[in-house]
Amino acid sequence: MQDRKGYMHGAILLLISGCVVKLLGALFKIPLTNLIGDSGMGMFSFAMQFFSILFVVCAAGIPVAESYLVSESLALGKAQQARRMVCTTTIVFTLISILFAAGLALGADELASLFGEPEAGDCLVAIAPAVVLVTIEAGLRGWYQGTGNMEPTSTSQVLEAVGKLLFGLLLARRALYCGFGIPGAAAGAVLGVTAGELIAVLYLIWSVRHSVWSTLLHREKRVPGTVSRFLSLMIPVTLGAAVMTVSGFLDMALLYRRLPLIGFGADEITAQYGAYTGMALTLYHLPQAFSGAIAVSILPAIASAWTKKQEDTCHRLVSSSMRLTILVCIPCGAVLSVFSRPLLELLFSSQPQGIAVAEPLLACLGFTEAFVGLASVTTSVLQSIGRPDITVCTTAIGCTAKFVVSYYWMAQPEIGMMAAPLSTLVCFGVILVLNLFAIYTKMKWVPALLSPVLRISLAACMMSATGMHVYRMLLTCNSLLIALFLSAVWMCFIYFILLLVLRALHYEDVIMLPGGKQLALLLKLS
């Protein structure tokens, strides 16, 4: 029970920090866009694309692999081995990241010219140190995630976002004031991202000064095969992240190759792609903060139980994490589908043409939320039992299905741009089904999801229908913001009541929340 409570506490911490980080990110990007304009944001985004790619190569798999190995070692009573592994892997991959960062900085001008952004060379130089910093950060976060302590990870995420916000805007404004122009201001904003990473790394180094780095001062016998075992876990996770990254690039390429076949011009394609990525995907990604927090927090708990061969505990943890995911993701998806236009009008009122494009795309993406959340959690479950290689295969198959569907449907006049969200639904549906089959194969058991999904889906549909009715009544005598806010309050209330009426809440899920036992008794759950 302690493991289950611990993972839920960690998930709540990561969820709160994720929401704060997204808010700070919006407070950074909105004024930055107004300050440096579209051309400056283009240079900024260009540098961040390279940063994202190098992050996948150098650091994406580190926290998952370390989290598994640390939780396994602690479960076996080998704490010193876990500390030694963290030190070794962090140092090794930091050295590798230094080589990549140096290559990026030295070849910045050539790369910028090669990709048609000759003025973005300084931005690439400014982001190069962040590649090293994010690798160190990933190594240290892996230690804490493996111990089940999510507080340092969540705190470092917030500090990183605060540093980016303060230093990014300050340096961008200063560059403009000093006459460096838009390219200099964009480079200043990118340097703010590096400054945020530095703040997060310094905090994490200070946090582990006694628990990990002290290991380097002692001469314990090195555990043979540490790096090779780490690589056997890290490489599949990295490949899985790389597959998703490549899939995103292929989506963009398909848009520009297939839409002209049904009469779309270049400017129209750019506008539609901008509405899809800048509006629809922005809202679509918000609920995934919860499923992402569950996925990160559940891994060490299941890994520990799996190592100790506690099958019943593993089953309870998997079932609970998946039920909690659909409890949040299904209603969030329903709200995005039903309230797509009001939400877009509230956030992007100055872009009516973009709203017209993004509305049906967001409504379609709403149906994907539950599949994305469950796919994320089941991927983490497979990683927690030491089989990240399976997740690479399921992700690759899902992304292949996405590519095939996009390629065919995008050239159909009656579908066109809608192929993007529809193919996303197919992609994560395939990944989820394959992950569940893999879990059944390895655990000889599969979580009972049919009844919870049906009950929660019914509650979400009734909540959304009544919420839209309340919204329309309120809108006749209130502003859009007030009507949406009061409708949201109503929907939260009615959804909770419907969950009780339909008996969709489980006792063992509720007791993991703060004050859960008292709440379970109050609701008469058993």
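**A walk through a predicted helical model**

The second largest pocket holds about 360 Å³ of space. Residues are numbered from 1 along each chain as its sequence is written, and side-chain values use heavy atoms, with hydrogens and water left out.

Back to the pocket. A pocket is searched for on a 1 Å grid over the protein atoms alone; it is an open set of points with protein on both sides within 12 Å along at least five of seven lines, whereas a cavity is a set of points where a 1.4 Å probe fits but cannot get out, and lining residues have an atom within 4 Å of a point. Grid points are joined across faces, edges and corners, and the volume is the space filled by probe spheres set on the points. Which residues lie nearest the centre of the second largest pocket? They are Ile-330, Phe-367, Ala-370, Phe-371 and Ser-457, out of 20 lining residues. Helices H11 (311-338), H14 (369-384), H16 (419-443) and H17 (450-475) each give at least two residues to this lining, and H11 provides the largest share, with six. Helix names follow DSSP runs numbered from the N terminus (helices are H or I with at least four residues, strands are E with at least two).

Between two of those helices you can find Lys-444, in the loop that runs from H16 to H17. Lys-444 has a positive phi of about 55°, although it is not a glycine. Is Lys-444 buried or exposed? Lys-444 counts as exposed because its relative accessibility is 66%; the cut-offs are under 20% relative accessible area for buried, over 50% for exposed, and partly exposed in between (1.4 Å probe, protein chains only).

Now move to the charged side chains. The structure has five salt bridges, where a salt bridge is a side-chain nitrogen of Lys or Arg within 4 Å of a carboxyl oxygen of Asp or Glu. Three residues, Glu-137, Arg-141 and Glu-160, are linked in a network of them. Arg-141 meets Glu-137 at 2.4 Å, N to O. These two both sit in helix H5 (residues 121-147), four residues apart, or about one turn of the helix. Arg-141 counts as buried because its relative accessibility is 13%, and Glu-137 is buried too, with a relative accessible area of 1%. Arg-141 also forms a salt bridge with Glu-160, with the closest N and O atoms 3.4 Å apart. Glu-160 is partly exposed, at 21% relative accessible area.

Another salt bridge joins Asp-389 and Arg-387, at 2.8 Å, N to O. Asp-389 is partly exposed at 31%, and Arg-387 is partly exposed at 26%.

Next come the aromatic rings. A pair of aromatic rings is described by the distance of the centres and the angle of the planes. A search of the whole structure finds four aromatic pairs. One of them, Trp-490 with Phe-493, is tilted, at 6.2 Å centre to centre and 45° between the planes. Rings of Phe, Tyr and Trp (its six-membered ring) pair if their centres lie within 6.5 Å, and planes under 30 degrees apart count as stacked, over 60 as edge-to-face and the rest as tilted. Because Trp-490 and Phe-493 are three residues apart in helix H18 (residues 480-501), about one helical turn separates them. Trp-490 is partly exposed at 33% relative accessibility, and Phe-493 is partly exposed at 48%.

Val-246, Leu-250, Phe-403, Val-404 and Tyr-407 make a nonpolar patch of about 430 Å². Helix H8 (226-258) and helix H15 (388-409) each supply at least two of its residues, and H15 gives the largest share, three. Leu-250 belongs to H8 and is partly exposed at 37% relative accessibility. Patches are made of residues with over 30% relative accessible area and no salt bridge; like charges are joined within 9 Å, and nonpolar side chains (Val, Leu, Ile, Met, Phe, Trp, Tyr) within 5 Å. Accessible areas come from the Shrake-Rupley method with a 1.4 Å probe, and for residues only the protein chains shown count as cover.

Conventions:
Predicted model: local features only at pLDDT ≥ 70, side-chain atom pairs only at ≥ 80, totals over all residues.
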